[in-house]
Amino acid sequence: MMTQQLSDAELAGQPAAYWTGVAYESLIAFTRARHAEHGFTQPQFWLLRNLSKNDLLPDGDGLTMPELQQAMSSYLRAEDDLDAEARALLERGWLTRGEEGRLRITDAGEEARVALSDTLRRSEPKSTRVSMMPTTSRPSKYSGS
């Protein structure tokens with residue numbers, strides 16, 4: 001993918017939608033890199049979450065791949081291959097495939113989901129947390145100062 005280089009003046013003239021897109025892509029890249037540091041992918045974590053009775057699947061009855069695709073349709077990216085991600089989790093013993101192709105999380109998968117979630121939460125650097133407060137002492141036109 002070719003990245004277009006814009007001058008400072010061109011960047012300054014970009015609409016808010018441009019900057020929203022840049023922020024979105026940066027957050028996705030950061031999040032996926034954090035997952036990779038811990039030996040799994042973001043889609044694998046989503047699979048575990050969507051199949052856990054302790055998280056997003058209260059009945060714990062498992063889901064088929066089309067049901068998982070539908071459940072995750074609002075946040076899957078074009079490059080995400082859920083079939084390949086599920087195969088990797090099956091090989092790890094974190095998922096099983098039962099009747100009618102229903103995927104279910106195993107006890108090992110549930111332990112991994114909890115551990116991965118806890119690890120990511122604990123390892124989040126404070127510098128990545130967003131603050132709505134200004135970071136300088138200069139008066140802001142929005143602060144009433």
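Reply: Let's start from E110, which has its place in helix α6. Bear in mind that this is a predicted model. E110 is a charged residue, yet it counts as buried, because its relative accessibility is 14% and the cut-off for buried is under 20%. Its side chain makes a polar contact with the side chain of R113, at 2.6 Å. Leaving aside neighbours within four places in sequence, E110 is in contact with S52, N54 and I105.

I105 is a handy link to the next residue, L95. Not counting residues up to four places away in sequence, L95 touches I105 along with L48, L51, A86, L89, L90, R104 and T106. L95 is also among the residues with the most contacts inside the largest nonpolar core, a set of 22 residues. L47, L48, L51, L68, M72 and L82 are the others named in that group. The most comes from α3, with 5 residues.

Of its 10 residues, 9 are buried, so the helix is largely enclosed by the rest of the structure. The buried ones are Q42, P43, Q44, F45, W46, L47, L48, N50 and L51, and what covers them includes α2, α4, α5, β1, β2 and α6.

Take α2 from that list. The axes of α2 (residues 16-37) and α3 (residues 42-51) come within 9 Å and cross at roughly 80°. That angle makes α2 roughly perpendicular to α3. On the α2 side, T31, R32 and H35 do the touching; on the α3 side they meet Q42, P43, F45 and W46. By type, the residues of this contact divide into 3 nonpolar, 3 polar and 1 charged.

Between α2 and α3 there is a loop, and F40 is found there. Is F40 buried or exposed? F40 counts as buried, because its relative accessibility is 3%. Setting aside residues up to four places away in sequence, F40 touches H35, F45, R92, L116 and L120. H35 and F45 also take part in the contact of α2 with α3. F40 is 45 residues from E85 in sequence, but their C-alpha atoms are 9.4 Å apart in space.

For contrast, go to E100, in the loop between β1 (95-97) and β2. E100 is exposed, because its relative accessible area is 68% and exposed means over 50%. E100 also has a positive phi of about 55° although it is not a glycine. Most residues other than glycine have a negative phi.

Now zoom out. The protein chain comes to 6 helices and 2 strands, following the pattern α-α-α-α-α-β-β-α along the sequence. Of its 145 residues, 30% count as buried. Among contacts with a separation of 6 or more, 54% come from residues 24 or more positions apart.

Note on methods: Residues are numbered from 1 along each chain as its sequence is written. This is a predicted model: local features need pLDDT of at least 70, side-chain atom pairs count only at pLDDT 80 or more; totals for chains, interfaces and linings use all residues. Side-chain values use heavy atoms; hydrogens and water are left out. Axes are lines fitted to C-alpha atoms, for helices over the stretch in contact, and angles run from 0 to 180 degrees between N-to-C directions. Helices (H or I, at least four residues) and strands (E, at least two) are DSSP runs, numbered from the N terminus. Angles under 35 degrees count as roughly parallel, over 145 as roughly antiparallel, 65 to 115 as roughly perpendicular and the rest as oblique. Contact means heavy atoms within 4.5 Å. A nonpolar core is a set of buried Ala, Val, Leu, Ile, Met, Phe, Trp, Tyr and Cys residues joined through side-chain atoms within 4.5 Å. Buried means under 20% relative accessible area, exposed over 50%, partly exposed in between (1.4 Å probe, protein chains only). A polar contact is a pair of N or O atoms within 3.5 Å; within protein, one must be able to donate a hydrogen and the other to accept it, and residues adjacent in sequence count only if both atoms are side-chain atoms.
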